[in-house]
Amino acid sequence: MTTAAPAVRTEGLTVRYGAFRALRDVTVNLPPGEIIGLIGPNGAGKTTLLNAISGFTPIAEGSVHVGDRDLTALGARRRALAGVVRGFQTVRLLERESVLTNVLIGTERLPQPSALAQFFGLPSQRRAHRRDTAAAAEVLDLLGLAGQSHRRVDELPFASRRLVEVARVLVSSPSVILLDEPAAGLDQEGRQELASVLTRIHRNHPSTMVVVEHDVDLVKTLCSYVIALDSGAFLRDGTPAEVFGDRQVQLAYFGRAAGADA
Amino acid sequence: MTSTTTRSRTGTGAGAGAATRGPGLGRKLTRLTVFAVIAAVPPLLFDSYWVFLAAQVVAFAIATLGLDILYGRTGQLSLAHASFMGVGAYTTYTVSSYGYGPAVQLAAVVVVAVVAALVVAVPTLRLSGLRLALVTLAFGELLAWVIRNTTDLTGGTQGASVDPIVIGLLDSSEPVDAYLIALVPAVIATVLAAHLGRTQLGRRMLAVRDTELAAESVGVAVARTKITAFLLSAVYAGVAGWLYAAITGFIAPPDFDLFASVYLFVAVVIGGAGSVLGAWLGAAYIVLVPELFTLAGQPNLYPIVGGALLAIVALVVPDGIVGLGRGIGRRVRRARDGQEETA
Amino acid sequence: MIAAFSAWFLYSEHGLPVPVALILGTLFAVIVNSAIDYAAIRRIPEGRPGLDLVVTLGIFLLITAVMQQLIDANAHTFTSLGADTRTELGGVVVSVNDGVVVVLTAAIILGAYLLLNRTSLGTSLRASAEDAGIAQAAGVNVRALRTATWAAAGVIAAIVAVLVASRLSVDAFYMTPVLIKAFIAGMIGGLDRFWLPLSVAVGLGVYEALAVFLLGSSAGTPAVFLLIIVVLALVPKRFVNERNEVRA
Amino acid sequence: MRLKKVQIGAVLAGLSLLASGCGGVAGGSGSSAIGCDPKETGPGVTDSEIRVGTTMPLSGSGAAGGIGTKEGQEAFYAKLNAEGGVQGRKIKPIVLDDAYDPSTAQKQMRQLVEKEEILVVSGGEGTPNFLGAVPYLNRKKVPAIAPYAPSDQLGGDKNPYVFMATVDYIQEFEILTNYVLEQDSPKKIALVGVAGNVGDNAKLGMEKALKDKGELLYVPETPGTTDFTPIATQLKKFDAEYVFLILTNADTGGLLQAMDRIGYTPKTGAWAGMSDDTYIKEFGALSQNMLVALETSSLKSDNAQVKKFITDFTAQTGKAPSKFNQLGWVQAQLTAEALKRAEGLSRGCVVEALESFENFETGIVPPVTWGKNDRAGVDAVGIGQIKGDELVVVEETQSLQK
């Protein structure tokens, strides 16, 4: 059930926290079906942009478009139903529940029978249950969590907890995936592992995937397109080579124009 | 109640998922037979006073199951749960005073409970924690005030006597019959509450409890889930009130006041929030323990112990008795897994 | 409640002079209050919805039942502070007791205001309330401050209990309606502000008295509860808007 | 499919239990219709002991009345047992606390009948609580002897198993109001009464007497209230010359204090409970000249039986009796008399014995008469007045039919 991956576009996006303007008139185009890296120094507004697209932050001015639909007026929930699903910088899980339950909650977007049908266990509920459990099993396998599906989430090491959230995001194969530093806290080997998994999933279920990430090497291996922000404004976009080669990006990102390592 | 859950887990987290068909069915049947054996004990062995108490435990179990769905599973703190029991009881009283039988009474109880739940749930959608508790407390007190001041309709502070339910041979004023009449809805309520753990509706509730942000991020309608939880818990409480009125044959406002709601809380917290078995253990606690104290001749020790236990359990063992059991089960399994991995 | 009930017990059953009984009662109440904080409130595990309320409910049940067991379950008349002579002041019958109550309350409010806003202790108090971590870093001994705050709260609560008891009669539960109204005023006014909750509390008192005067005695309680539902449930925009915003 | 089976299985299990349950229960279904069979001995009777009991408010706002009545009953039974008891058996009284609350009274009464297995209900104190237990007693056909629960619902044919030994509050407050109307001609009278049957009865009695001679304001009160200022303000606004009270002792004291505090001091009248010495000791100062109904003869009367009661009681307990002690004593006396007269110690025979009472004189309450369908027992009330710290009899207890 994979729809064609839509393009995501923001026009003149401005977000204010009181007087402070976290995003200033940002217009970006996210090419459909790509894995897009969102980079920029701390406080550049990366998470705020993610929040604005996913509907978790009120937008002062401007608009957000996914495919041909204008989502600006929709709340976070209805954007999720429209296929825009996100992860969080600090992992948000159902702490006292099993890995499987945490992943199954992600299937909320898929057509579910009515509350009464579910409560009385009618056949439609059992069919939906089988479909969801199968989807969960598949994504857990992909992320190597199959063996842990009955463990309580608060017993897992930090790295696996991150993967559980990623699984929750991916289980309903949404068309737009927003991940906020999914590799934070992973060691080098874990990062490579995550990158290969995300690429493999992206190949099986094409979607427009945005990843906020600081690790330049990870962005280069994982992303086919990069957008750079600096202090709430759009800086540059393009292929990883173009963006990382740009003098202004180096200035903002590394504090000086890089000499040798273009 | 022997614990039947050494290997497996009841209630939430018992995701059927990868478990193959065989043991799942076997586990369910063993649990069913154990429940049937325990359920058969009171009518055969106890004297009529203790059967009357057993019948009350069954009625209160339905109420604690309802509160468990609302607080244990969805994390909504309501201090009006006993008031919903009151709604059920007084609807039964009014309907039975017009001479209608148990079927009409039950239908009326469900309808009135749903309406009452909407009246409480809709305005309080955006509230949580302390504020929600305070507003539900206000609704509960308002209902108690209405009952106290409509003496001609509800008997007011004097209470009202309710004629027993008669189904075929069974007359609910006889303790054994009352026990059996109460058992059927209780079994159905328990099965449905346990089943809830394996549905998306059940998972939505857990998400609303633990992290509303993540819930919204995957498309869960937080407001609608809260209302569903309120509706289910109110209907459970209403049915419990209907049975309570039939079993005791007499209802009065103090049975459903703020303290009654607090004691329902004690039941769910001590029994084990979020689990069906916990709700039954909690119901047994709030009905049987006061009796034990009156037998020991110290009736007012119960609130002292009840209060102390509520505070201590909430601090030390937040998941209650069942949580304790499950915790030990998990540590045992993890120790065993530990050996397997190192071996 | 503990202060007033134990004070009544000391002076009526054991014949202690009233002032001594009052002081002992207040002391007893402060000890219990700090013990509650130390034994329970500090140990509440995080991450469970409403667990703090469940713990406080348990403690509430415990204390009222213990006091009922220690003293008795009946309501008793409490001595009035100062003579009971009544004078007509502009149509309103006021007794010395009422005068004492009003004066003492005003003194406490003023004292609290000065403490909070004018003294250095006040600023560190407010800082640690705002964010304990930063206050700790700035050298404020948060732990000692916390015990001091609980003790001060105990004293004020004890005095309030004695004032209320002098107007009504005293038993294990007489303070519950007052507690609920205080909670309501705190919720509506916002517990982090000073004058707003106070003015809401006064307004609530006047509102209830008016309801009783106009609609008769049984109208008191429902008027208050209806107010909470209307205010808390239907007007929560101001409190809730920042709730689902995710900080960077 | 597996889940479906489980649900059907669970429901079937419930139903099968239902079926098995029926078989067992069809047999014994409650005692046969009431009739006296001398050989049969009712529950609670062994060859050495007869168990009787009741519920009374031993805590909460009604405690003063309950504790006094309990002491009176226990004193009488102790003396009776010392003199050999009844029909060769000692009487064991069991009194449980109902905190003046109907639902607690009903639970405790169920425990008395089913667990403690008492033969009969011996007396009781307080109307709203006792009324809570009456439906249960009717269903179980347990006779209740002389409970102090004046109410128009008791003493008539609605509850045939309850034998009353007091006038109901309609008559009591009719007499009080008539007495006031003879002395004075108040334009406005107020009544503050326990919400429910008690308050309604008192209001009915006052309306019967007042007809259209004055305006009546009725304020219902829930027992155990602590803040009486609202009621006091409402009374002051109505500004009646007389305020009649029918509340528990503690609540009456609380209200009088609240009224005094806002400077409203009308003349007052009250039900018989205020004639008790503990009330006068604690709240006498506030209740000067309060008119009080008298259901039991004054402790100072020179009636021989009253003097004998005072000496016996003081000998038994070592302290002078109060009104509620007197009440408890007479309740036990009537119960013991019924047990003496009963041919067989079964509930049926006790009922027949009770129906044989014809102007039975106890000296404490007016002569008691019960019959086949007469459960009223007495129909006389006197009036007293609180002066200083004691109760002066203003009108002797005489029959209403004069």
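Colleague: Which residues of helix 12 of chain D are buried?
Modeller: In this predicted model, local features need pLDDT of at least 70, side-chain atom pairs count only at pLDDT 80 or more, and totals for chains, interfaces and linings use all residues. Residues are numbered from 1 along each chain as its sequence is written, with chains lettered from A and ligands numbered from 1 in the order in which they are written. Helix 12 (residues 347-355) of chain D is mostly covered, as 7 of its 9 residues are buried (20 or more other C-beta atoms, placed from the backbone, within 10 Å of the residue's own; 12 or fewer is exposed, in between partly exposed). The buried residues are D:R347, D:G348, D:C349, D:V350, D:V351, D:A353 and D:L354.

Colleague: Against which elements do the buried residues of helix 12 of chain D pack?
Modeller: Helices (H or I, at least four residues) and strands (E, at least two) are DSSP runs numbered from the N terminus. For the buried residues of helix 12 of chain D, the packing partners comprise both kinds of element: strand 3, strand 4, strand 5, helix 11 and strand 11 (369-371) of chain D.

Colleague: Which strands stand at the edges of the open sheet of 5 strands in chain D?
Modeller: The strands of this sheet follow the order 2-1-3-4-5, and their pairing is parallel (strands pair if DSSP finds at least two bridges between them).

Colleague: Which residue of strand 4 of chain D does D:V121 stand opposite?
Modeller: Strand 3 (residues 120-122) and strand 4 (residues 144-145) of chain D pair in the parallel sense over 2 bridges. Across this pairing, D:V121 stands opposite D:A144.

Colleague: At about what angle does helix 11 of chain D run to strand 3 of chain D?
Modeller: Helix 11 (residues 323-341) of chain D lies across strand 1, strand 2, strand 3 and strand 4 of chain D. Angles run from 0 to 180 degrees between N-to-C directions, and axes are lines fitted to C-alpha atoms, for helices over the stretch in contact. Relative to strand 3 of chain D, the direction of helix 11 makes an angle of about 150 degrees.

Colleague: At roughly what angle do the axes of helix 2 and helix 10 of chain D cross?
Modeller: The axes of helix 2 (residues 63-82) and helix 10 (residues 304-317) of chain D come within 10 Å. The angle is roughly 90 degrees.

Colleague: Which residues of helix 10 of chain D make the contact with helix 2 of chain D?
Modeller: Residues are in contact if their C-beta atoms, placed from the backbone, lie within 7 Å. Helix 2 of chain D contributes D:E71, D:A75, D:A78 and D:K79. Helix 10 of chain D contributes D:D312, D:F313, D:Q316 and D:T317.

Colleague: Opposite which residue of strand 7 of chain D does D:L191 stand?
Modeller: Strand 6 (residues 188-194) of chain D is mostly covered, with 6 of its 7 residues buried. This strand runs parallel to strand 7 (residues 215-221) of chain D, and 7 bridges join them. Within strand 7, the residue opposite D:L191 is D:Y218.

Colleague: What percentage of the residues of chain B count as buried?
Modeller: The secondary structure of chain B comes to 14 helices and 4 strands. Its C-alpha atoms fill a box of roughly 75 × 50 × 40 Å along the principal axes. Of its 343 residues, the buried share is 61%.

Colleague: How far apart are the axes of helix 2 and helix 11 of chain B?
Modeller: Two packed helices are described by the angle between their axes and the distance between the axes. Helix 2 (residues 48-73) and helix 11 of chain B pack at about 70 degrees, which makes helix 2 of chain B roughly perpendicular to helix 11 of chain B. Among the residues making this contact are B:L67 and B:Y71 of helix 2 and B:L264 and B:V268 of helix 11. The distance between the axes is 10 Å.

Colleague: Which element of chain B gives the most to the side that touches chain C?
Modeller: In total, 35 residues of chain B are in contact with 38 residues of chain C. Helix 5 (129-149), helix 9 (212-217), helix 11 (258-271) and helix 13 (301-316) of chain B each give two or more residues to this side. The element that gives the most, with 12 residues, is helix 5.

Colleague: What percentage of the residues in chain C are buried?
Modeller: The secondary structure of chain C comes to 11 helices and 4 strands. Among its 248 residues, the buried ones make up 29%.

Terms used
Two residues are in contact if their C-beta atoms, placed from the backbone, lie within 7 Å. Angles under 35 degrees count as roughly parallel, over 145 as roughly antiparallel, 65 to 115 as roughly perpendicular and the rest as oblique.
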